[in-house]
Amino acid sequence: MPDTSHTKYLLTEDEMPRTWYNIAADLPRSPEPFLHPGTKHPVTPDDLAPLFPMALIMQEVSTERYIEIPDPIRQVYMQWRPSPLFRARRLEKALDTPARIYYKYEGVSPVGSHKPNTAVAQVYYNKQEGVSKISTETGAGQWGSALSMAGAFFGVDIEVFMVKISYQQKPYRRSMMEAYGATVHASPTNLTAAGRSILAQDPENMGSLGIAISEAVEVAATSGGKIKYSLGSVLNHVLMHQSIIGEEALLQFEKAGDYPDVVIGCVGGGSNFAGIAFPFIGKTLREGLNTRFLAAEPMACPSLTKGIYAYDFGDTVGMTPLAKMHTLGHDFIPPGIHAGGLRYHGMAPLVSLLHDEGIIEAQAYHQNAVFEAAVLFARSEGIIPAPEAGHAVRAAIDEALKAKEAGHQQVILFNLSGHGHFDMGAYDAYFAGKLQDYEYPAEAVAAAQQRMPQVV
């Protein structure tokens, strides 16, 4: 029987998982390999060595089910982990639903999101291999903040290319990164060949994650091995580091005496969705359970619901390896919605594979509906969600309302991946009725997809 008395379920530091979960061990089929951007042959570890330390490359290709978390990483995790699992009793009452709603809250981290789960690991492994500087990109600034904090902890310099529209919308994220000692640029810049080429075509370009990735990759690739590159989502090892979220949630549901019927996360590149969902997906695949998995994405950048499943570049200019993923086209530039962390043209290959197999579902939402849900959640539960996490809130509320209509006692779990304390400008715009709902024209998506690389 489920616990009917508690509002939150906590783990002690000793109960924190000692391994990351690698879903590659349980997939119904092997993922397609990454391809070299020039030869279009499968990449080798040596191909990736200019960008990543070998420890992360080995994790990227590993098929072991569990990977041990080194003690120095666990010690940093303990600054905020284990994170709480909440029963959203006040939201349930506001919705008058028979559903039981739970949320895993990652906003308790020092930077207010799930991103440090992989940032700390990536900086640690770089430091172990003697790396003194890392370049990266960031959209809304949550990833850049996390990597900057991790750099400060381990004594590694961080250079961040922040999507220009978010650089302007979220100036205090830039300040946060600089407080941790990072250097932050508004991308596209004149500092790289990639940035200059974009600005030559469009001097007013407000940037995209794909462009920022191109710039950060160029900095690392042309450094002669002195600088490595770090990515905050998409890649297998990143998703694996985030699995500690779901691994903790599994233990917390044992304490609650309950188990989810549906697991929900927002998706941009896929890391926080994977973090909450992958351990539950693995259990479902191994044990034949009936849990549903729902990825919530923005209507303005709908890679899962409107993208095609094909090989594409991870960046705009075409410097990264080709990945088999759901994509809108590598030079697709989405509108400047406030959920900057979800403005990515592609989707993590592992998340894409699971969607292609029908193991996960996807739903796209307009930003006004997302903020409506976020405000209801804030007024019920007290936590103001980040615009990105608001997509998961919207999906969870919709599932709870469906349960109310059907009279079902559905159990809903979602990942509240970050708080919105740096996003109040977006809430101001919502309250003033100034948020626009964008649905990207189908012809523009089709045109971007026509410019994708051809892989036989």
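I then listed the contacts (heavy atoms within 4.5 Å). From helix 6 I noted Gln142, Gly144, Ser145 and Ser148, which meet Arg173, Met176 and Met177 of helix 8. By class this contact has 2 nonpolar, 4 polar and 1 charged residues. Ala, Val, Leu, Ile, Met, Phe, Trp, Tyr, Cys and Pro count as nonpolar, Asp, Glu, Lys and Arg as charged, and the others, Gly among them, as polar.

**Ground rules**

I noted that residues are numbered from 1 along each chain as its sequence is written, and that side-chain values use heavy atoms, with hydrogens and water left out. For this predicted model, local features need pLDDT of at least 70 and side-chain atom pairs count only at pLDDT 80 or more, while totals for chains, interfaces and linings use all residues.

**Helix 15**

I checked helix 15 (residues 349–356) and found 6 of its 8 residues buried, where buried means under 20% relative accessible area, exposed over 50%, partly exposed in between (1.4 Å probe, protein chains only). The buried residues are Pro349, Leu350, Val351, Ser352, Leu353 and Leu354. They pack against helix 11 (236–242), helix 13 (271–287), helix 14 (303–306), strand 12 (308–313) and strand 13 (322–327). Just after helix 15, I read a positive phi of about 80° at Gly358.

I looked up the largest pocket and got a volume of about 380 Å³. Of its 22 lining residues, Pro31, Glu32, Glu60, Val61 and Asn236 are the closest to its centre. Helix 1 (45–48), helix 2, strand 13 and helix 15 each give two or more residues to the lining, and helix 2 has the largest share, 3 residues. I sorted this lining into 13 nonpolar, 5 polar and 4 charged residues.

On a 1 Å grid over the protein atoms alone, a cavity is a set of points where a 1.4 Å probe fits but cannot get out, and a pocket is an open set with protein on both sides within 12 Å along at least five of seven lines; lining residues have an atom within 4 Å of a point. Grid points are joined across faces, edges and corners, and a volume is the space filled by probe spheres set on the points.

The second largest pocket has a volume of about 230 Å³. Helix 12 (244–256) gives the largest share of its lining, 5 residues. I counted 8 nonpolar, no polar and 6 charged residues in that lining.

**Cavities**

My search of the whole structure turned up 5 cavities of 30 Å³ or more. I listed Phe34, Leu231, Leu235, Thr320 and Pro321 as the closest to its centre among 19 lining residues. I sorted this lining into 15 nonpolar, 3 polar and 1 charged.

Note on methods:
Helix = DSSP H or I, 4+ residues; strand = E, 2+ residues; numbered from the N terminus.
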